[in-house]
Amino acid sequence: MRISNIPIVPASFFGMVLGIAGLGGAWRAAHLAWGLPALVGESLMLAAGLVWLAVTTLYGLKWLVARELALTEAAHPVQCCFIGLAGVATILVAGGVIPYVYGVALALYVVGAAFTAGFAVWRTGGLWMGERDPSHTTPVLYLPTVAGSFVAATVGAALGFPDLGQYVFGAGFFGWLAIESVLLHRLLTAPGMANALRPTLGIQLAPPVVGAVSLIAVAPQAPLLLAHGMIGYGILQAVILLRLLPWILREPLAPSYWAFTFGVTALAAAPIRLLMLGDEGIARTLAPALFVFANVVVLIVAAGTLYRFFAGAGHASAATPASDRARVGPPN
């Protein structure tokens with residue numbers, strides 16, 4: 001959508017930053033573990049920063065020139081959770097900047113973490129009031145608290161605050177377990193998701209593997225049992241999603257499929273980070289296979305997004321993620 005000459009973007013576009021930065025982090029780890037070219041990871045981090053700058057600017061302008069649309073999105077029972085990605089994306093950009101300008105990275109981290117925490121408390125408080133339609137329960141519920149906590153813990157450790165990161169990791173870990181039970185109950189007992197919401201299932205992969213990356217970052221000295229278990233659970237989620245792919249792909253490839261990318265890049269990064277800690281077990285086999293898999297997935301989603309954009313395949317399909325077009329009923 002456009003108002004005057006300004007594109008009006010949904011908050012879910014911040015998901016592109018998570019996928020690109022996640023792949024950049026995996027390449028940074030691969031450079032340290034295997035000596036792969038550092039330029040690739042740094043270029044991906046630069047691309048993530050540029051996308052973040054563009055989406056942040058456009059989303060900020062949305063609140064100025066299309067305030068009613070922004071308020072409607074914020075009140076929507078599904079779309080609102082994507083707003084939390086603005087803070088998560090900012091934290092990831094901070095992580096990308098750390099090797100270059102620590103002060104800028106710290107400032108971005110503080111802003112991103114403050115926004116993430118504030119939004120998570122606001123949105124979670126609203127959920128605790130109840131009266132929610134079960135059809136509105138989708139994996140986007142992970143975004144405000146779980147994704148934000150795990151990413152804040154990981155980047156906080158990289159900034160030199162691993163002790164703080166351990167507390168933040170705990171918020172994400174137990175939040176994940178609680179939301180997981182609610183979400184699985186909905187998936188197992190309620191009617192199936194509408195086609196347009198199915199790509200959001202890609203987020204289901206993220207919590208265990210993003211959490212594993214976070215745990216390795218904040219407590220590298222800890223026994224590897226829990227990290228191994230979280231990666232294993234992530235692999236299970238990935239295999240289930242592959243089994244469901246024909247069902248999910250009834251919704252044409254669109255920007256909504258970036259929901260898969262942050263989880264799949266963390267699935268690649270976690271075992272590589274284990275190798276860097278000296279893990280000599282099955283991680284040595286998993287790491288290269290999952291790294292290739294992550295690159296393929298992100299490449300396909302990015303190519304599909306660019307194709308839809310340049311082909312102009314329908315106003316809503318080309319510019320609006322499927323989750324934002326889903327008819328999920330009135331806001332609560």
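Visitor: What makes the crossing of α9 and α10 left-handed?
Guide: A crossing takes that name if the near helix is turned anticlockwise from the far one by less than a right angle, and is right-handed if clockwise. α9 passes α10 in the left-handed sense. This is a predicted model, in which local features need pLDDT of at least 70 and side-chain atom pairs count only at pLDDT 80 or more, while totals for chains, interfaces and linings use all residues. Residues are numbered from 1 along each chain as its sequence is written, and side-chain values use heavy atoms, with hydrogens and water left out.

Visitor: Why is α9 called roughly antiparallel to α10?
Guide: Their axes (lines fitted to C-alpha atoms, for helices over the stretch in contact, with angles from 0 to 180 degrees between N-to-C directions) come within 10 Å and cross at roughly 155°. Angles over 145 degrees count as roughly antiparallel, under 35 as roughly parallel, 65 to 115 as roughly perpendicular and the rest as oblique. The value for this pair therefore makes α9 roughly antiparallel to α10.

Visitor: Which residues of α9 and α10 meet?
Guide: Contact means heavy atoms within 4.5 Å. In α9, Ala227, His228, Ile231, Gly234, Ile235 and Ala238 meet Leu267, Ala270, Pro271 and Leu274 of α10. By class, this contact has eight nonpolar, two polar and no charged residues. Nonpolar here covers Ala, Val, Leu, Ile, Met, Phe, Trp, Tyr, Cys and Pro; Asp, Glu, Lys and Arg are charged; the others, Gly among them, are polar.

Visitor: What makes α8 and α9 roughly antiparallel?
Guide: The α8 axis and that of helix α9 (residues 225-248) come within 8 Å and cross at roughly 160°. That angle puts α8 and α9 in the roughly antiparallel class. The crossing of α8 and α9 is left-handed. Pro208, Val209, Gly211, Ala212, Leu215 and Ile216 in α8 meet residues of α9 including Met230, Tyr233 and Gln237.

Visitor: Why do α7 and α8 get the antiparallel label?
Guide: Helix α7 (residues 162-189) packs against α8 at about 160°, with axes 9 Å apart. α7 and α8 are therefore roughly antiparallel. α7 passes α8 in a left-handed crossing. The α7 residues Pro162, Gly165, Gln166, Phe169 and Trp176 meet α8 residues, among them Pro207, Ser214 and Val218. The α7 contact with α8 has seven nonpolar, four polar and no charged residues.

Visitor: What counts as a cavity, and how many are there?
Guide: On a 1 Å grid over the protein atoms alone, a cavity is a set of points where a 1.4 Å probe fits but cannot get out. A search of the whole structure finds two cavities of 30 Å³ or more.

Visitor: What makes a residue part of the lining of the largest cavity?
Guide: A lining residue has an atom within 4 Å of a point. The largest cavity has 23 of them, and Leu85, Leu143, Ile203, Trp258 and Ala259 lie nearest its centre. At least two lining residues come from each of α1 (14-34), α6 (142-158), α8 (206-218) and α10 (261-276); helices are DSSP runs (H or I, at least four residues), numbered from the N terminus. α6 gives the largest share, four residues. The lining has 17 nonpolar, six polar and no charged residues.

Visitor: Which residues line the second largest cavity?
Guide: The second largest cavity, of about 40 Å³, is lined by Leu215, Ile216, Ala219, Pro220, Ala222, Pro223, Leu224, Ala227 and Leu277. This lining divides into nine nonpolar, no polar and no charged residues.

Key: On a 1 Å grid over the protein atoms alone, a cavity is a set of points where a 1.4 Å probe fits but cannot get out, and a pocket is an open set with protein on both sides within 12 Å along at least five of seven lines; lining residues have an atom within 4 Å of a point. Grid points are joined across faces, edges and corners, and a volume is the space filled by probe spheres set on the points.
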